[in-house]
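Thank you all for coming; I would like to take you slowly through one model this morning. Please have the sequence and the picture open while I talk.

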Protein chains: 2
Amino acid sequence: MITALIGIDWGSSSVRAFRIAPDGTILETRRAADGVFTGQGPYQDRLRALLGDWRDAPILLCGMIGSDRGWVHAPYVEAPATLDLKPVAAPFDDAHIVPGIAFVDGETCDVMRGEETLLAGLDAPDAVVCLPGTHSKWATLESGRLTRFRTYMTGEIRAAMLASGAFATGVEQAASPGAFAQGLHAAGPVTAALFQARARRLLGKLAPEHTASFVDGVLIGAEIADAPAHAVTLVAAGPIAGQYKSALAGRIGAVVDPEPLAARGLLRIARRAGLV
Amino acid sequence: MITALIGIDWGSSSVRAFRIAPDGTILETRRAADGVFTGQGPYQDRLRALLGDWRDAPILLCGMIGSDRGWVHAPYVEAPATLDLKPVAAPFDDAHIVPGIAFVDGETCDVMRGEETLLAGLDAPDAVVCLPGTHSKWATLESGRLTRFRTYMTGEIRAAMLASGAFATGVEQAASPGAFAQGLHAAGPVTAALFQARARRLLGKLAPEHTASFVDGVLIGAEIADAPAHAVTLVAAGPIAGQYKSALAGRIGAVVDPEPLAARGLLRIARRAGLV
């Protein structure tokens with residue numbers, strides 16, 4: 001089948017490339033651990049290696065590749081913003097990069113790179129969208145425009161805290177819906193609720209192998225308590241989607257798989273910008 | 001001068017030993033990086049090396065040395081508790097270990113080891129006491145009894161988050177009262193407020209070298225917002241005491257230096273238990 005676009009989501013720690021059909025279907029996917037912060041060497045060479053024999057269509061990239069620590073800096077567009085974003089040309093045959101979006105509200109600042117492309121792929125002009133991840137985003141779409149969003153460092157705090165220190169248990173972690181629920185309802189601000197994972201373990205009320213599930217409950221619970229929306233559009237797949245579904249209980253409007261969404265978003269942005 | 005007690009605060013990452021006079025004065029202090037989690041070898045040998053020629057008085061230890069990962073497990077006493085704690089004998093000439101204190105309130109659990117000794121050294125039968133640290137404690141004393149406390153993972157989260165990831169700046173940090181105040185007033189739960197340190201930097205509203213001060217503001221602010229006490233007794237010295245004083249503004253009742261407090265607490269516990 002003909003390739004309409006080669007779409008690439010190039011993030012901090014990994015990269016995914018999609019060969020995308022004219023109807024948005026992903027024909028083929030390639031992945032590499034060659035992230036913006038983890039890979040090395042000129043981006044032209046890395047992109048060429050990733051593409052291999054894919055040479056038959058324009059290329060659109062999104063994610064950290066467009067940051068000031070990436071390949072070509074695609075400056076932030078300020079929200080409220082339409083998702084008809086104008087990609088920036090990259091020094092490579094027919095390749096462009098999607099800009100990120102910034103949101104400023106008084107003293108409060110926020111930024112996204114990559115999530116704007118997922119949002120562009122959604123068929124939901126009015127929605128509260130939750131995009132879990134290293135830096136989870138909660139975004140509000142109104143009449144097809146991104147009007148505001150807030151970032152929570154859920155995944156990064158989880159990884160940093162479980163790597164060592166008080167939560168180091170020396171045992172392999174096993175998912176526990178019960179421990180997750182305990183974390184979800186732990187009292188106090190995040191910094192106090194997290195300590196419960198240690199205190200309950202020391203007092204025999206939490207199994208060491210359930211520490212990670214408890215921590216997930218605390219961190220995801222903090223997002224949900226701060227964003228008390230109904231009919232949330234959840235952009236997630238796999239175990240993490242299960243956790244958010246359980247935490248949001250009856251407050252999910254739709255669950256959308258992020259990978260096809262990225263491909264659809266890239267194709268839409270490319271079309272609206274006249275690149276394909 | 002005669003030594004009444006050799007007092008030792010043996011924590012996770014370091015140990016401090018005090019030769020204490022009958023009036024509670026510290027005659028001499030020794031420090032080593034030989035913490036419960038960082039040192040190796042039999043505790044008898046490590047204690048002997050630490051003491052050197054100090055052999056003229058009973059020994060009382062407090063801190064993680066009494067945990068189930070320490071030398072001798074001194075089980076938690078449950079709060080509400082008097083601070084007349086009964087030390088547990090250690091397998092060494094005339095040495096004992098102060099037990100930690102646990103607090104259970106419904107599902108919520110908390111634990112301390114070492115801070116109970118600082119509290120025993122205070123001359124404040126009724127007080128809300130803030131003990132900043134890796135695991136900051138806010139404790140309530142009523143008629144000389146410890147009635148409740150809550151732990152915040154302030155120092156551990158600070159260290160884990162600044163070590164790598166989104167806050168890695170590549171520049172040496174410089175204290176900034178302005179950035180600290182910004183962090184103190186950042187909106188949202190801790191996981192969102194922390195991200196502000198990155199977003200404001202990316203948008204040019206926070207200098208890279210002020211990231212740590214901003215993070216301190218967020219984390220200390222979460223403690224203070226959760227513990228809205230007046231006339232707080234702050235047990236801290238140095239720059240960290242300055243940060244809490246600035247954050248608590250007019251709500252400080254007293255500032256107490258932790259080191260002499262530890263010595264006084266150890267001596268009081270030893271006396272009340274009839275060890276000296």
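Before I point at any sheet, let me say that two strands pair if DSSP finds at least two bridges between them, and that the helices (H or I, at least four residues) and strands (E, at least two) I mention are DSSP runs, numbered from the N terminus. This is a predicted model, in which local features need pLDDT of at least 70 and side-chain atom pairs count only at pLDDT 80 or more, while totals for chains, interfaces and linings use all residues. Residues are numbered from 1 along each chain as its sequence is written, chains are lettered from A and ligands numbered from 1 in the order in which they are written, and side-chain values use heavy atoms, with hydrogens and water left out.

With that in hand, please find strand 5 of chain A, which is joined by two bridges to strand 9 (residues 101-105) of chain A, the two running parallel. Within this pair, V77(A) has I101(A) as its bridge partner in strand 9. These strands belong to an open sheet of three strands in chain A, with the order 5-9-10 and mixed pairing. Its edges are strand 5 (77-78) and strand 10 (108-112) of chain A, each of which pairs on one side only.

Now turn to chain B, where there is an open sheet of three strands with the order 5-9-10 and mixed pairing. There, strand 5 and strand 9 (residues 101-105) of chain B run parallel and are joined by two bridges, and V77(B) stands opposite I101(B).

The peptide bond that joins A79(A) and P80(A) is cis, with omega about 0 degrees. In chain B, the bond from A79(B) to P80(B) is cis, with omega near 0 degrees, and P80(B) lies in the loop between strand 5 and strand 6 (81-82) of chain B.

Back in chain A, how do strand 2 and strand 3 pair? Strand 2 of chain A and strand 3 (residues 26-32) of chain A are antiparallel, and their pairing extends over six bridges. R19(A) has E28(A) as its bridge partner in strand 3. The hairpin of these two strands has five residues between the strands, and in it G24(A) takes a positive phi near 95 degrees.

R16(A) forms one with E259(A), the closest N and O atoms being 3.0 Å apart. The two residues sit in distant parts of the chain, R16(A) in strand 2 (residues 15-20) and E259(A) in helix 8 (residues 258-272) of chain A, 243 residues apart. Over all chains, a search of the whole structure finds 28 salt bridges.

My last topic is helix packing in chain B. Two packed helices are described by the angle between their axes and the distance between the axes. Here axes are lines fitted to C-alpha atoms, for helices over the stretch in contact, and angles run from 0 to 180 degrees between N-to-C directions. Helix 3 (residues 154-163) and helix 6 (residues 211-226) of chain B pack at about 150 degrees, with their axes 10 Å apart. That makes helix 3 of chain B roughly antiparallel to helix 6 of chain B, since angles under 35 degrees count as roughly parallel, over 145 as roughly antiparallel, 65 to 115 as roughly perpendicular and the rest as oblique. The residues in contact (heavy atoms within 4.5 Å) include I157(B) and L162(B) of helix 3 and V215(B) and L219(B) of helix 6.

Helix 6 of chain B has another neighbour to look at, helix 7 (residues 238-248) of chain B, and their axes come within 10 Å and cross at roughly 60 degrees. These two helices are therefore oblique to each other. On the side of helix 6, D216(B), I220(B), E223(B) and I224(B) meet Q243(B), Y244(B), A247(B) and L248(B) of helix 7.

Conventions. A salt bridge is a side-chain nitrogen of Lys or Arg within 4 Å of a carboxyl oxygen of Asp or Glu.
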